[in-house]
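Student: Got the model open. Can we go through it piece by piece?
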Amino acid sequence: MTAIRSVVLGCGSYLPRQILTNAELAARVDTSDEWIVQRTGIRQRHIAAEGEFTSHLAMNAARAALAHARVDAQSIDLIVLATSTPDNTFPATAVAVQEALGINRGAAFDLQAVCSGFIFALATADNFLRAGAYKRALVIGAETFSRILDWKDRGTCVLFGDGAGAVVLEAEVQPGKSSDRGILTTHLRSDGRHKSKLYVDGGPSSTQTVGYLRMEGREVFKHAVGMITDVIVDAFNATGLTAEDIDWFIPHQANKRIIDASAHKLHIAPQKVVLTVDLHGNTSAASIPLALAVAVKDGRVKKGDLVLLEAMGGGFTWGSALLRW
Ligand code: ACO
């Protein structure tokens with residue numbers, strides 16, 4: 001029986017020009033390159049320029065994805081933008097992107113699931129496309145986490161960076177098998193009992209301020225690997241595919257130790273893991289499409305490859321997506 005699948009037509013990304021190295025951070029707070037690399041794998045991160053907003057990063061990534069997909073912006077009828085650092089409380093950053101691209105049909109909205117945002121946005125767009133509600137979607141992850149960091153808190157400010165990535169999805173009829181191209185399965189989870197372990201201490205309704213990111217790093221670490229692997233096992237069970245079948249594992253880039261431990265637990269070979277955390281830091285909802293764009297551009301991810309995506313973040317939220325390129 002045939003199935004409608006959301007096939008990835010192209011991807012793109014954008015990073016602000018300014019790079020902040022560990023050595024530069026060590027001049028600001030009591031930390032060292034050695035500590036950061038050993039605990040996280042991060043060597044540098046990009047920081048948005050003054051006046052450069054999440055929407056600007058998102059627009060550049062969206063344009064790159066449209067060019068890579070070789071489709072006209074006018075053919076897009078759905079934009080789902082994952083971010084926890086919108087330009088404004090409202091309207092959605094997605095409508096700024098929609099306007100910049102000259103699109104005035106279909107729907108554009110933001111979605112907030114912190115670092116799992118891109119997986120949640122991908123699953124949302126996939127469900128709309130498979131239901132026949134829209135035909136061609138832009139799914140974007142874009143963040144300016146530098147704006148919500150407490151630059152005096154060495155426990156968090158060394159971890160995050162700014163950036164954006166995007167994919168273009170199209171609804172296509174496929175044979176309805178695990179060998180289909182497109183998104184084969186998505187799995188989303190959340191558990192609000194953990195909401196105080198990673199949060200921002202401000203907001204329009206509570207403090208009328210934006211607030212700063214606060215995190216119990218050890219607590220996040222403790223839960224991350226189990227949650228990530230659970231939701232990947234869900235993806236394998238839903239499709240009958242296994243870790244052996246995976247060509248590329250493109251995880252949320254929060255911490256190299258979490259990524260290595262997850263890959264090890266799932267028996268995914270290290271050479272199949274795409275790592276960009278060293279160069280980008282944790283860019284929250286942007287990290288997966290940023291890593292994807294790197295692996296597509298350098299020729300690793302090719303048509304027909306089976307790609308496994310996963311993320312875990314504030315909430316806690318976590319999720320996986322299995323797709324064939
Ligand atoms: N430089 C130097 N020392 C530091 C730094 C720093 N940047 N930050 C903390 N320390 C110190 C602490 O003060 C502490 O010192 P003490 O022993 O004298 O009290 C010591 O290092 C150990 O601190 P821990 O927090 O226990 O260090 P840990 O080994 O757990 O590493 C880290 C911290 C890297 C944050 C780790 O817990 C982690 O990676 N957690 C997961 C965080 C994460 O990935 N978050 C994002 C996921 S969700 C999302 O993406 C939004």
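Student: What stands opposite alanine 3 in β7?
Tutor: Glutamine 174 does. The two strands involved, β1 (residues 3-14) and β7, run antiparallel and are joined by 11 bridges. Strands here are DSSP E runs of at least two residues, helices are H or I runs of at least four, and both are numbered from the N terminus. Two strands pair if DSSP finds at least two bridges between them.

Student: Before we go on, what sort of model is this, and how are residues numbered?
Tutor: This is a predicted model, with residues numbered from 1 along each chain as its sequence is written. Local features need pLDDT of at least 70 and side-chain atom pairs count only at pLDDT 80 or more, while totals for chains, interfaces and linings use all residues; side-chain values use heavy atoms, with hydrogens and water left out.

Student: Back to β7. Which sense does the pairing with β6 take?
Tutor: Antiparallel, over nine bridges between β7 and strand β6 (residues 136-144). In that pairing, alanine 142 stands opposite alanine 164.

Student: How many residues of β7 are buried?
Tutor: 11 of the 13 in residues 162-174, so β7 is largely enclosed by the rest of the structure. Buried means under 20% relative accessible area, exposed means over 50%, and partly exposed is in between (1.4 Å probe, protein chains only).

Student: Salt bridges next. How many does the structure hold?
Tutor: The structure holds 11, each defined as a side-chain nitrogen of Lys or Arg within 4 Å of a carboxyl oxygen of Asp or Glu. One of them joins arginine 136 to glutamate 170, with the closest N and O atoms 2.7 Å apart. Arginine 136 lies in β6 and glutamate 170 in β7, so the pair ties together parts that are 34 residues apart in sequence.

Student: Are those two buried or exposed?
Tutor: Arginine 136 is buried at 17% relative accessible area, and glutamate 170 is buried at 12%.

Student: What does arginine 5 form a salt bridge with?
Tutor: Aspartate 180, again with the closest N and O atoms 2.7 Å apart. Arginine 5 is in β1 and aspartate 180 is in the loop between β7 and β8 (182-190), so this pair ties together parts 175 residues apart in sequence. Aspartate 180 counts as buried at 1% relative accessibility.

Student: Change of topic: what are the domains?
Tutor: The assignment gives domain 1 (3-174) and domain 2 (182-324), with bounds from an automatic or database domain assignment. Their contact takes 52 residues from domain 1 and 47 residues from domain 2, where contact means heavy atoms within 4.5 Å.

Student: And how much area is buried between them?
Tutor: About 3,800 Å², with carbon and sulfur atoms giving 68%. That is the accessible area (1.4 Å probe) the two parts lose on being put together, summed over both. In domain 1, Cys115, Ile119 and Ile148 lose the most area to domain 2, together 17% of what that side buries.

Student: How many salt bridges are there between domain 1 and domain 2?
Tutor: One. The side chains of aspartate 150 and arginine 214 meet in a salt bridge at 3.0 Å, N to O. Aspartate 150 is buried at 17% relative accessible area, whereas arginine 214 is partly exposed at 22%.

Student: Which residues are linked with Asp150 in a network of salt bridges?
Tutor: Asp201 and Arg214.
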